[in-house]
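I keep these entries as a record of what I looked up in one model. The structure goes in first, and the notes follow.

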Amino acid sequence: MNNTNICPKCGTSVNEIFETGFVGCQECYNLPEVQKVIDKMYAGKTHKE
Ligand SMILES: [Zn+2]
């Protein structure tokens, strides 16, 4: 168990976010594991400029 994998504001775990695809609140985006995934998502969707 790692507290960095649970949102300190709403208590949603990273696993729950990944399973449902929804974050509990804006603070969830600040979780390191969530940011990693978001970075990958954006990297794959980034449009060429
Ligand atoms: Zn949250």
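How many residues does the protein chain have, and what percentage of them count as buried? I found 49 residues, of which 12% are buried. I call a residue buried if 20 or more other C-beta atoms lie within 10 Å of its own, exposed if 12 or fewer, and partly exposed in between, with C-beta atoms placed from the backbone.

Note on the source. The model is predicted, so I take local features at pLDDT of at least 70 and side-chain atom pairs only at pLDDT 80 or more, while totals for chains, interfaces and linings use all residues. Numbering starts from 1 along each chain as its sequence is written.

Entry on the fold. I looked up secondary structure and found two helices and zero strands in the protein chain. Helices (H or I, at least four residues) and strands (E, at least two) are DSSP runs, numbered from the N terminus. I then looked up contacts, where two residues qualify if their C-beta atoms, placed from the backbone, lie within 7 Å. Among contacts between residues at least 6 apart in sequence, 16% join residues at least 24 apart.

Entry on the core. The largest nonpolar core has five residues: Cys7, Val14, Ile17, Cys28 and Leu31. Such a core is a set of buried Ala, Val, Leu, Ile, Met, Phe, Trp, Tyr and Cys residues joined through C-beta atoms within 7 Å. Leaving out residues up to four places away in sequence, I find Leu31 touching Thr4, Asn5, Cys7 and Val14.

Entry on Cys10. This residue sits in the segment before helix 1 (14-20). Why is Cys10 classed as exposed? The reason is that it has 12 other C-beta atoms within 10 Å. Beyond four places in sequence, Cys10 touches Gly24, Cys25, Glu27 and Cys28. From Cys10 to Val23, 13 residues apart in sequence, the C-alpha to C-alpha distance is 9.4 Å.

Entry on Glu27. I place Glu27 in the loop between helix 1 and helix 2. Glu27 is partly exposed because 14 other C-beta atoms lie within 10 Å.

Entry on Glu33. Helix 2 (residues 32-45) holds Glu33. With 15 C-beta neighbours inside 10 Å, Glu33 is partly exposed. Its contacts beyond four places in sequence are Asn5 and Val14. Glu33 and Val14 are 19 residues apart in sequence and 6.9 Å apart, C-alpha to C-alpha.
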